[in-house]
Amino acid sequence: PTNDPNGRQPSEEDLRQIRMASRVGKTEIPSTESTANKTPSNKPYSSAELFFNKKNENNFTTAQDTFKSEKYNYSIVIPENFHRKQTNGKHIDFCFNNDAFCTIVSNISQKMTVDPPINEALLVSYEQSLKQMNPTLEFLKSSIIIIDNNNIMVSLQRDKNKGIWLNSIEYYFYHNNEVYIITASAPEEKFSEYETIFLKTINSFKFN
(Lines give C-alpha, C1' and ligand atoms only; values in the text may rest on other atoms or scores of the structure.)
Protein backbone atom coordinates (compact mmCIF):
# COMPACT_ATOMS: atom_id res chain seq x y z
CA PRO A 1 0.00 0.00 0.00
CA THR A 2 1.29 3.42 -0.94
CA ASN A 3 0.06 6.96 -1.28
CA ASP A 4 -3.10 7.87 -3.16
CA PRO A 5 -1.90 8.41 -6.75
CA ASN A 6 -3.85 11.69 -6.88
CA GLY A 7 -2.21 12.96 -3.69
CA ARG A 8 -5.60 14.07 -2.37
CA GLN A 9 -6.82 13.64 1.20
CA PRO A 10 -10.46 12.49 1.43
CA SER A 11 -12.99 15.18 2.29
CA GLU A 12 -15.76 14.64 4.83
CA GLU A 13 -18.11 13.84 1.95
CA ASP A 14 -15.61 11.27 0.63
CA LEU A 15 -15.49 9.60 4.02
CA ARG A 16 -19.27 9.55 4.23
CA GLN A 17 -19.52 7.90 0.82
CA ILE A 18 -16.82 5.39 1.79
CA ARG A 19 -18.70 4.39 4.92
CA MET A 20 -21.95 4.05 2.98
CA ALA A 21 -20.36 2.01 0.20
CA SER A 22 -18.70 -0.45 2.56
CA ARG A 23 -21.72 -0.96 4.83
CA VAL A 24 -23.39 -4.33 4.36
CA GLY A 25 -27.04 -4.21 3.40
CA LYS A 26 -26.92 -0.76 1.76
CA THR A 27 -27.81 -0.27 -1.89
CA GLU A 28 -24.17 0.32 -2.80
CA ILE A 29 -23.58 -3.41 -2.18
CA PRO A 30 -26.83 -4.81 -3.59
CA SER A 31 -25.95 -8.44 -4.12
CA THR A 32 -24.17 -11.28 -2.36
CA GLU A 33 -23.56 -13.05 -5.65
CA SER A 34 -19.90 -13.77 -6.28
CA THR A 35 -18.21 -11.84 -9.06
CA ALA A 36 -17.24 -15.22 -10.43
CA ASN A 37 -20.74 -15.27 -11.93
CA LYS A 38 -20.56 -11.74 -13.27
CA THR A 39 -18.54 -9.80 -15.81
CA PRO A 40 -15.53 -8.37 -13.96
CA SER A 41 -15.56 -4.61 -13.51
CA ASN A 42 -12.62 -2.21 -13.59
CA LYS A 43 -14.39 0.25 -11.28
CA PRO A 44 -12.08 1.05 -8.35
CA TYR A 45 -13.09 -0.14 -4.91
CA SER A 46 -14.86 2.71 -3.16
CA SER A 47 -12.62 2.60 -0.08
CA ALA A 48 -9.35 2.88 -2.01
CA GLU A 49 -8.55 6.43 -0.91
CA LEU A 50 -9.00 5.71 2.77
CA PHE A 51 -7.09 2.45 2.44
CA PHE A 52 -4.02 3.99 0.90
CA ASN A 53 -3.93 7.74 1.56
CA LYS A 54 -0.99 8.11 3.93
CA LYS A 55 -1.94 11.71 4.74
CA ASN A 56 -4.74 10.31 6.86
CA GLU A 57 -2.32 8.52 9.22
CA ASN A 58 -1.97 11.57 11.48
CA ASN A 59 -5.73 11.59 12.00
CA PHE A 60 -5.66 8.21 13.72
CA THR A 61 -6.60 9.35 17.24
CA THR A 62 -7.40 5.93 18.74
CA ALA A 63 -3.99 4.33 18.29
CA GLN A 64 -2.47 2.72 21.34
CA ASP A 65 0.69 1.23 19.83
CA THR A 66 2.45 0.37 16.58
CA PHE A 67 3.45 -3.11 15.51
CA LYS A 68 6.74 -3.24 13.61
CA SER A 69 7.57 -6.41 11.74
CA GLU A 70 11.22 -7.29 11.97
CA LYS A 71 10.88 -10.07 9.43
CA TYR A 72 9.11 -8.09 6.68
CA ASN A 73 10.13 -4.51 7.54
CA TYR A 74 6.70 -2.86 7.78
CA SER A 75 4.63 -1.23 10.50
CA ILE A 76 0.92 -0.96 11.28
CA VAL A 77 -1.03 0.81 14.00
CA ILE A 78 -2.71 -1.29 16.70
CA PRO A 79 -6.07 0.39 17.39
CA GLU A 80 -7.25 1.20 20.88
CA ASN A 81 -8.59 -1.78 22.86
CA PHE A 82 -7.02 -4.27 20.45
CA HIS A 83 -4.24 -6.52 21.67
CA ARG A 84 -1.67 -8.59 19.88
CA LYS A 85 -2.51 -12.29 20.04
CA GLN A 86 0.22 -14.88 19.83
CA THR A 87 -0.54 -17.48 17.16
CA ASN A 88 1.15 -20.58 15.86
CA GLY A 89 0.11 -20.06 12.26
CA LYS A 90 3.01 -20.64 9.91
CA HIS A 91 2.32 -17.55 7.81
CA ILE A 92 0.69 -15.28 10.41
CA ASP A 93 2.92 -12.27 11.09
CA PHE A 94 0.51 -10.38 13.35
CA CYS A 95 -2.93 -10.90 14.85
CA PHE A 96 -4.80 -8.24 16.84
CA ASN A 97 -8.14 -8.89 18.53
CA ASN A 98 -10.47 -7.39 21.12
CA ASP A 99 -13.22 -8.46 23.48
CA ALA A 100 -15.90 -7.99 20.79
CA PHE A 101 -14.48 -10.88 18.69
CA CYS A 102 -12.98 -8.50 16.13
CA THR A 103 -9.70 -9.52 14.51
CA ILE A 104 -7.07 -7.91 12.28
CA VAL A 105 -4.56 -10.39 10.88
CA SER A 106 -1.80 -10.61 8.28
CA ASN A 107 -0.96 -13.75 6.33
CA ILE A 108 2.34 -13.48 4.50
CA SER A 109 3.89 -16.23 2.40
CA GLN A 110 6.69 -16.64 -0.10
CA LYS A 111 5.69 -15.68 -3.61
CA MET A 112 5.99 -18.61 -5.98
CA THR A 113 7.48 -18.19 -9.43
CA VAL A 114 4.18 -19.43 -10.88
CA ASP A 115 2.00 -16.89 -9.03
CA PRO A 116 -0.15 -15.16 -11.67
CA PRO A 117 -0.35 -11.39 -11.98
CA ILE A 118 -3.10 -9.72 -9.98
CA ASN A 119 -5.83 -9.02 -12.48
CA GLU A 120 -9.54 -9.69 -13.05
CA ALA A 121 -8.88 -13.29 -14.07
CA LEU A 122 -7.07 -13.97 -10.81
CA LEU A 123 -9.85 -12.26 -8.85
CA VAL A 124 -12.45 -14.61 -10.34
CA SER A 125 -10.24 -17.66 -9.84
CA TYR A 126 -9.44 -16.64 -6.26
CA GLU A 127 -13.12 -16.32 -5.37
CA GLN A 128 -14.00 -19.64 -6.97
CA SER A 129 -11.19 -21.54 -5.22
CA LEU A 130 -12.04 -20.10 -1.80
CA LYS A 131 -15.73 -20.87 -2.21
CA GLN A 132 -14.91 -24.46 -3.17
CA MET A 133 -12.98 -24.84 0.07
CA ASN A 134 -15.59 -22.98 2.12
CA PRO A 135 -19.16 -23.11 0.76
CA THR A 136 -20.48 -20.63 3.39
CA LEU A 137 -18.14 -17.87 2.18
CA GLU A 138 -19.78 -15.01 0.28
CA PHE A 139 -18.05 -12.21 -1.61
CA LEU A 140 -20.23 -9.14 -1.09
CA LYS A 141 -17.95 -6.85 -3.04
CA SER A 142 -14.62 -7.30 -4.77
CA SER A 143 -12.49 -5.38 -7.20
CA ILE A 144 -8.98 -4.62 -8.41
CA ILE A 145 -7.50 -1.27 -7.44
CA ILE A 146 -4.28 0.15 -8.87
CA ILE A 147 -1.95 2.15 -6.63
CA ASP A 148 1.38 3.36 -8.02
CA ASN A 149 1.15 0.77 -10.81
CA ASN A 150 0.59 -2.06 -8.30
CA ASN A 151 -2.56 -4.15 -8.61
CA ILE A 152 -4.30 -5.00 -5.33
CA MET A 153 -7.35 -7.22 -4.84
CA VAL A 154 -9.78 -5.79 -2.30
CA SER A 155 -12.89 -7.61 -1.14
CA LEU A 156 -15.71 -7.44 1.37
CA GLN A 157 -16.63 -10.94 2.54
CA ARG A 158 -19.19 -12.68 4.72
CA ASP A 159 -18.54 -16.03 6.37
CA LYS A 160 -19.55 -18.19 9.31
CA ASN A 161 -16.96 -19.14 11.92
CA LYS A 162 -17.85 -21.22 14.99
CA GLY A 163 -21.51 -20.34 14.57
CA ILE A 164 -20.90 -16.58 14.24
CA TRP A 165 -21.45 -14.69 10.97
CA LEU A 166 -18.51 -12.40 10.27
CA ASN A 167 -17.99 -9.60 7.78
CA SER A 168 -14.41 -9.04 6.65
CA ILE A 169 -12.39 -6.54 4.65
CA GLU A 170 -9.50 -8.25 2.89
CA TYR A 171 -6.79 -7.10 0.56
CA TYR A 172 -4.28 -9.17 -1.32
CA PHE A 173 -1.09 -7.90 -2.94
CA TYR A 174 2.51 -8.71 -3.77
CA HIS A 175 5.57 -6.96 -2.36
CA ASN A 176 9.07 -8.04 -3.30
CA ASN A 177 8.90 -11.84 -3.14
CA GLU A 178 5.96 -12.16 -0.74
CA VAL A 179 2.20 -12.48 -1.00
CA TYR A 180 0.37 -10.35 1.57
CA ILE A 181 -3.22 -11.03 2.68
CA ILE A 182 -4.46 -8.63 5.35
CA THR A 183 -7.93 -9.21 6.79
CA ALA A 184 -10.05 -7.29 9.31
CA SER A 185 -13.17 -9.08 10.61
CA ALA A 186 -16.05 -8.34 12.95
CA PRO A 187 -19.32 -10.07 13.87
CA GLU A 188 -21.88 -9.06 11.26
CA GLU A 189 -24.00 -7.01 13.65
CA LYS A 190 -20.92 -5.05 14.81
CA PHE A 191 -19.26 -4.52 11.46
CA SER A 192 -20.63 -1.01 10.86
CA GLU A 193 -19.32 0.00 14.29
CA TYR A 194 -15.78 -1.13 13.47
CA GLU A 195 -15.46 -0.49 9.74
CA THR A 196 -13.85 2.95 10.12
CA ILE A 197 -11.37 1.56 12.67
CA PHE A 198 -10.52 -1.23 10.23
CA LEU A 199 -10.04 1.16 7.33
CA LYS A 200 -7.82 3.50 9.31
CA THR A 201 -5.78 0.60 10.67
CA ILE A 202 -5.23 -0.79 7.19
CA ASN A 203 -4.44 2.72 5.98
CA SER A 204 -1.65 2.94 8.58
CA PHE A 205 0.14 -0.08 7.05
CA LYS A 206 3.40 1.02 5.47
CA PHE A 207 6.75 -0.43 4.49
CA ASN A 208 9.69 1.10 6.36
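I began by counting elements, and the chain has four helices and 10 strands (DSSP runs, with H or I of at least four residues for helices and E of at least two for strands, numbered from the N terminus). From the N terminus on, I read them as α-α-β-β-β-β-β-α-β-β-β-β-α-β.

A note to myself: this is a predicted model, where local features need pLDDT of at least 70 and side-chain atom pairs pLDDT 80 or more, while totals for chains, interfaces and linings use all residues. Residues are numbered from 1 along each chain as its sequence is written, and side-chain values use heavy atoms, leaving out hydrogens and water.

Next I looked up burial. Of the chain's 208 residues, 46% count as buried (under 20% relative accessible area, with a 1.4 Å probe and protein chains only). Cys95 is buried at 7% relative accessibility, and Cys102 is buried at 0%. I then searched for disulfides (cysteine sulfur atoms within 2.5 Å) and the count was zero.

Tyr171 and Phe173 are stacked, with centres 5.4 Å apart and planes at 15 degrees. Phe173 also stacks with Tyr180, at 5.0 Å and 10 degrees. Phe173 is buried at 3%, and Tyr180 at 0%. These three belong to a cluster linked by ring pairs, whose members include Phe67, Tyr72 and Phe207.

Last, I checked charges over rings (NZ of Lys or CZ of Arg within 6 Å of the ring centre and within 35 degrees of the ring normal). Lys111 sits over Tyr174 at 4.8 Å from the ring centre, and Arg158 over Trp165 at 3.9 Å.

Conventions
Buried means under 20% relative accessible area, exposed over 50%, partly exposed in between (1.4 Å probe, protein chains only). Rings of Phe, Tyr and Trp (its six-membered ring) pair if their centres lie within 6.5 Å; planes under 30 degrees apart count as stacked, over 60 as edge-to-face and the rest as tilted.
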